[in-house]
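Good morning. I will go through a few places in one model, and I ask you to keep the structure open while I talk.

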Amino acid sequence: GPTFGIKGGAAGGGYSQVIPMDEFNLHLTGDIHAITAANNLLAAAIDARRFHEATQSDKALFNRLCPAKKGVRQFSLIMLRRLERLGIHKTNPDELTDDEIHRFARLDIDPERVLWNRVLDINDRFLRQITIGEAPTEKGYTRKTGFDIAVASEIMAVLALSNSLEDMRARLGKMVVAVSKSGEAITADDLGVTGALTVLMKDAINPTLMQTLEGTPVFVHAGPFANIAHGNSSIIADKIALKIVGTPEGEPSTPDNTGYVVTEAGFGADIGLEKFVDIKCRSSGLTPNAVVLVATVRALKTHGGGPAVTPGKPLPEEYTTENLELLEKGARSNLRRHIENISQFGLPVVVAINRFNTDTDAELELIRCVALESGAFDAVPVELWARGGAGAVNLAEAVVKACEQPTQFKYLYDVNMGIKEKIEAIAKNYYRAGSVVYSEEAERKIAYFTEQNFDKMPICMAKTQYSFSADPSLKGAPEGFELPIRDIRASVGAGFLYPLCGEMQTLPGLPTRPCFFDVDIDIDTGRVYGLF
């Protein structure tokens with residue numbers, strides 16, 4: 001979606017790039033297509049089940065769910081699991097009582113409480129809210145629903161947080177997709193679709209091995225929407241990478257035979273890193289040795305009160321000429337806050353100052369001084385874009401030294417705390433909000449999730465990436481603000497609850513001038529151009 005919208009691709013740029021970038025930014029090995037197919041199969045199963053239950057008697061429904069084959073009826077394995085959950089300890093379909101048939105065959109989905117949207121990987125704002133079931137063949141069983149972008153699907157988060165194929169299948173089965181009219185949570189397993197989802201995802205669970213322009217191996221695997229989900233690459237890719245660079249069995253660990261794995265946490269440390277620690281580390285059992293915080297002169301100037309930046313328009317001159325006043329205000333507020341927050345996890349932080357050709361030496365030195373004053377282990381300018389690996393040797397050396405430091409790794413909160421306590425631990429201790437306010441819908445959901453024993457999962461805050469607050473225009477390091485929670489949703493399979501802070505869209509739209517105006521193909525060579 002973003003490739004043809006306004007953000008462009010994610011392969012890097014200049015001499016710091018994953019190749020082939022056109023494959024990377026398009027279909028690659030089809031993981032997102034697999035997620036889309038699996039997500040939408042589940043959506044189709046929900047509405048088809050509603051339709052069939054509404055138009056058939058218990059007996060007819062049961063006979064179609066468990067048809068006789070050569071005169072014999074039997075339950076599938078996934079049906080036996082549902083019977084166990086219902087407390088019905090029978091394996092012969094012919095032995096069920098009428099009441100047991102009713103309980104087994106009817107999910108009784110409340111159309112007003114379907115929690116699962118369809119997805120696609122295109123920025124299409126007009127699919128954010130739609131009505132389905134309008135054809136005469138659906139007999140009036142319409143309902144309002146919507147689409148999300150594919151990477152916001154819970155299945156993407158499940159892929160990223162799974163430790164194995166077995167783990168992924170279990171997580172897919174636990175995904176809560178609707179609520180019954182009596183208030184019971186309905187899962188993918190209840191719909192009987194878990195095995196099919198796993199089959200659709202069986203190849204997607206394998207990381208894609210790519211490389212940088214200089215031949216460094218890169219695993220590309222998973223891309224959960226960093227606003228809505230946890231915004232981190234997969235656990236499986238991390239673990240394979242650690243095996244590749246790890247000390248050979250039986251040998252002592254030395255600088256000569258031990259390598260380093262760099263894994264990405266999307267957006268700022270207020271989103272990507274906090275979720276990496278409190279969600280991903282809990283699932284993987286892994287803990288990091290150090291954190292690299294990327295900063296730019298331009299970004300810090302926006303946090304120092306610089307003029308608004310509008311995509312597609314030339315940058316105001318404040319961002320392309322030296323302005324130490326703006327930069328210092330941004331660094332002493334925003335950069336300092338990020339470094340202070342990272343220290344709460346007990347990890348050393350190295351600030352990588354991503355140099356642009358308009359940055360001055362005085363500006364880079366100012367950032368370095370503020371970073372060190374704020375508690376960073378080191379802060380170094382890097383020229384990856386212009387020079388590739390040679391432009392970041394100093395960063396690599398700083399990271400090696402940081403990884404040798406002792407750590408006191410800790411989570412931000414105890415996962416067994418109540419839902420509100422965990423939300424407020426993030427909001428007040430990490431974002432520095434003064435208060436958290438909950439809508440009636442959020443209050444209702446919190447009560448329901450607590451009743452369903454979903455309250456012991458980590459929290460995945462869905463909020464803007466442009467501010468510590470829920471207001472994207474509130475730059476720098478705001479304090480004492482009010483954080484509004486308008487809704488809260490459960491990704492039970494992925495293993496987290498996600499509160500929606502302010503106005504978060506789960507399907508982007510296209511701008512006035514999308515990137516697709518520049519994308520085309522050379523008919524003679526097949527070379528794609530215009531992607532970035």
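Arg432 sits in the loop between α17 (419–429) and β15 (435–438). The model is a predicted one, and every value I give is computed from it. Arg432 is not a glycine, yet its phi is positive, about 75°. As background, most residues other than glycine have a negative phi, and most peptide bonds are trans.

Where else is there a positive phi in a residue other than glycine? Lys70 is one such place, with phi near 55°. Lys70 belongs to the loop between α3 (58–65) and α4 (77–85). Is Lys70 buried or exposed? Its relative accessibility is 87%, and the cut-off for exposed is over 50%, so Lys70 counts as exposed.

The peptide bonds also have something to show. Ile19 and Pro20 are joined by a cis peptide bond, with omega about -5°. Pro20 lies in the loop between β2 (16–19) and α1 (21–25).

Gly375 is in the loop between α14 (361–373) and β14 (378–382). With 53% relative accessibility, Gly375 counts as exposed. Which residues does Gly375 touch, once its neighbours within four places in sequence are left aside? The contacts are Ile339 and Val349. For a sense of distance, Gly375 and Val220 are 155 residues apart along the chain, and their C-alpha atoms are separated by 32 Å.

At least two lining residues come from each of β3, β6 (143–145), β7 (147–149), α6 (154–161), β8, α18 (440–451), β16 (482–491) and β17 (496–501). Sorted by class, the lining of this pocket has 20 nonpolar, nine polar and 14 charged residues.

Two of the strands at that pocket, β3 and β8, also belong to a sheet. The sheet is open and has three strands, in the order β3-β8-β9, with antiparallel pairing. Why do β3 (109–114) and β9 (185–187) each have a side without a neighbour in the sheet? They stand at the edges, and each has a single partner strand, so one side is left without a neighbour. On average, neighbouring strands here are turned by 50° against each other, direction ignored.

Between β8 (residues 176–180) and β9 there are three bridges, and the two strands run antiparallel. Ala178, for one, has Ile186 in β9 as its bridge partner. Helix α2 (residues 31–54) packs on this sheet and touches β3 and β8. The direction of α2 makes about 135° with that of β3.

That is all I have. Questions, please.

Terms used
Residues numbered from 1 in each chain as written. Predicted model: local features only at pLDDT ≥ 70, side-chain atom pairs only at ≥ 80, totals over all residues. Heavy atoms only, no water. Pairing = 2+ DSSP bridges. Helix = DSSP H or I, 4+ residues; strand = E, 2+ residues; numbered from the N terminus. Axes fitted to C-alpha atoms, helices over the stretch in contact; angles between N-to-C directions. Contact = heavy atoms within 4.5 Å. Nonpolar A, V, L, I, M, F, W, Y, C, P; charged D, E, K, R; others polar. Buried < 20%, exposed > 50% of the residue type's maximum accessible area, 1.4 Å probe, protein only.
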